[in-house]
Amino acid sequence: MNRWASDTFFASLAYVAASLVTFEILMPLQNEFFPAYPSHASLLFLPHGVRVLAAWLLGWRAIFALLPGVFVVFAMVGGWDVFLPSRLLAIAIAVTIVPAVFYACKAVGWDLFPRADRNPCWPCVMGVGIVTSILVSILTNTAFGSTTAEYVAFLVGDISGLFFLMLGLYFAFRFAERRG
């Protein structure tokens, strides 16, 4: 398998897997513990973390690497509504905003992309995740015509999902480093 196909396969697979964990495990738990919560959004949305980390690692290639997975998840959730203009716009927003923000940071002299000669700036990646969460929340909820509660739920879910995914990867890398 060539590098391009491998990146696409693993990024999309990670996005679908994070979505399944979110929708099949975390959302039912959320509904159990917070039955009166008015939003249908997840308060721990792991796929945003996948989007941020894929964009950080792959740059613009993340758009095409994530697109199949994002489309599959939108189809799983919305069925044939995935072809509605608002859904297609939301898919485009989901895959383009994060790489665009990383490249905007680079254009103003703040290159956050990983390099062998320096350690990653995890708080910086988290900061980009927060900024992109705000942008994605505003743009996606505008496309869907959502309520204010949905905006807040998107923000909380994206930021907490990114934080816990990054925390999990941090400990996984530390564990692997100690074993190797």
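User: In this predicted model, how do the residues of the lining of the largest pocket divide into nonpolar, polar and charged?
Analyst: The largest pocket of this predicted model has a volume of about 610 Å³, and 25 residues line it, with Phe23, Phe74, Val77, Phe144 and Phe154 closest to its centre. Sorted by kind, the residues of that lining come to 14 nonpolar, seven polar and four charged.

User: Which element gives the most to the lining of the second largest pocket?
Analyst: The second largest pocket, with a volume of about 380 Å³, is lined by 14 residues, and those nearest its centre are Trp122, Met166, Leu169, Tyr170 and Phe173. Two or more residues of this lining come from each of α2, α5 and α6. The element that gives the most, with six residues, is α6.

User: Is the disulfide of cysteine 121 and cysteine 124 right-handed or left-handed?
Analyst: The structure holds one disulfide, in which the sulfur atoms of cysteine 121 and cysteine 124 lie 2.0 Å apart. Because the torsion about their S-S bond is about 60°, the disulfide is right-handed.

User: How far is the sulfur of cysteine 105 from the closest cysteine sulfur?
Analyst: Cysteine 105 counts as buried, at 10% relative accessibility. The closest cysteine sulfur belongs to cysteine 124, a residue that is itself buried, with a relative accessible area of 15%. A disulfide needs sulfur atoms within 2.5 Å, and the sulfur of cysteine 105 is too far from that of cysteine 124 for a bond, at 8.8 Å.

Key. Residues are numbered from 1 along each chain as its sequence is written. This is a predicted model: local features need pLDDT of at least 70, side-chain atom pairs count only at pLDDT 80 or more; totals for chains, interfaces and linings use all residues. Side-chain values use heavy atoms; hydrogens and water are left out. On a 1 Å grid over the protein atoms alone, a cavity is a set of points where a 1.4 Å probe fits but cannot get out, and a pocket is an open set with protein on both sides within 12 Å along at least five of seven lines; lining residues have an atom within 4 Å of a point. Grid points are joined across faces, edges and corners, and a volume is the space filled by probe spheres set on the points. Ala, Val, Leu, Ile, Met, Phe, Trp, Tyr, Cys and Pro count as nonpolar, Asp, Glu, Lys and Arg as charged, and the others, Gly among them, as polar. Helices (H or I, at least four residues) and strands (E, at least two) are DSSP runs, numbered from the N terminus. Buried means under 20% relative accessible area, exposed over 50%, partly exposed in between (1.4 Å probe, protein chains only).
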